[in-house]
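User: I would like to go through this model with you and ask what stands behind the terms used to describe it.

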Amino acid sequence: FFTLAQACPAPGARGLGVMASSSGKYDNVIKSGLKLKGGDAKSREIGVKVKKKKKQSETDQLAEQLQVQAEQQAEEQMELVKGATRGPTQSEKSFQLAREKRGSARVAEAIQYTHRQRMDKLNAHLGSLSEHFDIPKVGPG
């Protein structure tokens, strides 16, 4: 390190003789450029700003952990619900199939005849019955 008297000569002195004779003073000076800490080639360029990483606060970390736990609980709940529900058994499937067949047969029978044909058929059936099934007359007349 230099003292103030060595770096700045007295006001009346020219300083030329002092500087020429003191070449040994600058032997241990580093002549390379400045090396800045933590910088890569991009940060050394002029005008380029390096963005610093923001540290998460404790509340943000807690919120993130709670959110992850909530998602895991929701997934577990969905798996439980999915495992608890079951499809129809073989007997339930056969019952549904038989019911659909009976319903389709009923519809096919209903659309086979018109209303007039059904009434004619009913009258023919009632006419073939004996008098035992007739409606008795009640009252004068």
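User: How much accessible surface does the protein chain have, and what share of it belongs to carbon and sulfur atoms?

Analyst: In this predicted model, the accessible surface of the protein chain comes to about 14,700 Å², and carbon and sulfur atoms account for 58% of that area. Of the 141 residues in the chain, 1% are buried.

User: Which elements make up the protein chain, and in what order do they run?

Analyst: The chain has six helices and zero strands, so that from the N terminus on the elements read α-α-α-α-α-α.

User: Why is Leu-126 called partly exposed?

Analyst: Leu-126, which lies in helix H6 (residues 115-128), has a relative accessible area of 47%; because buried means under 20% and exposed means over 50%, a value of 47% places Leu-126 in between, and it is therefore partly exposed. Together with Met-119, Leu-122 and Leu-129, Leu-126 makes a nonpolar surface patch of about 320 Å².

User: How do you know that the span of H6 agrees with its number of residues?

Analyst: At 1.5 Å a residue, the 14 residues of H6 should span 20 Å, and because the C-alpha atoms at its ends are 20 Å apart, the two values agree.

User: What makes Glu-76 count as partly exposed?

Analyst: Glu-76, placed in helix H4 (residues 58-84), has a relative accessibility of 49%; as the exposed class requires over 50% and the buried class under 20%, Glu-76 falls in between and therefore counts as partly exposed. On the surface, Glu-76 gathers with Glu-71, Glu-75 and Glu-79 in a patch of negative charge.

Terms used: Residues numbered from 1 in each chain as written. Predicted model: local features only at pLDDT ≥ 70, side-chain atom pairs only at ≥ 80, totals over all residues. Heavy atoms only, no water. Patch = residues over 30% accessible without salt bridge, like charges linked within 9 Å, V, L, I, M, F, W, Y side chains within 5 Å. Areas by Shrake-Rupley, 256 points an atom, 1.4 Å probe, with all protein chains shown as cover. Salt bridge = Lys/Arg side-chain N within 4 Å of Asp/Glu carboxyl O. Helix = DSSP H or I, 4+ residues; strand = E, 2+ residues; numbered from the N terminus. Buried < 20%, exposed > 50% of the residue type's maximum accessible area, 1.4 Å probe, protein only. Lys, Arg positive; Asp, Glu negative; His and termini not counted. Charge placed at Lys NZ, Arg CZ, Asp CG, Glu CD. Expected span 1.5 Å × (residues − 1).
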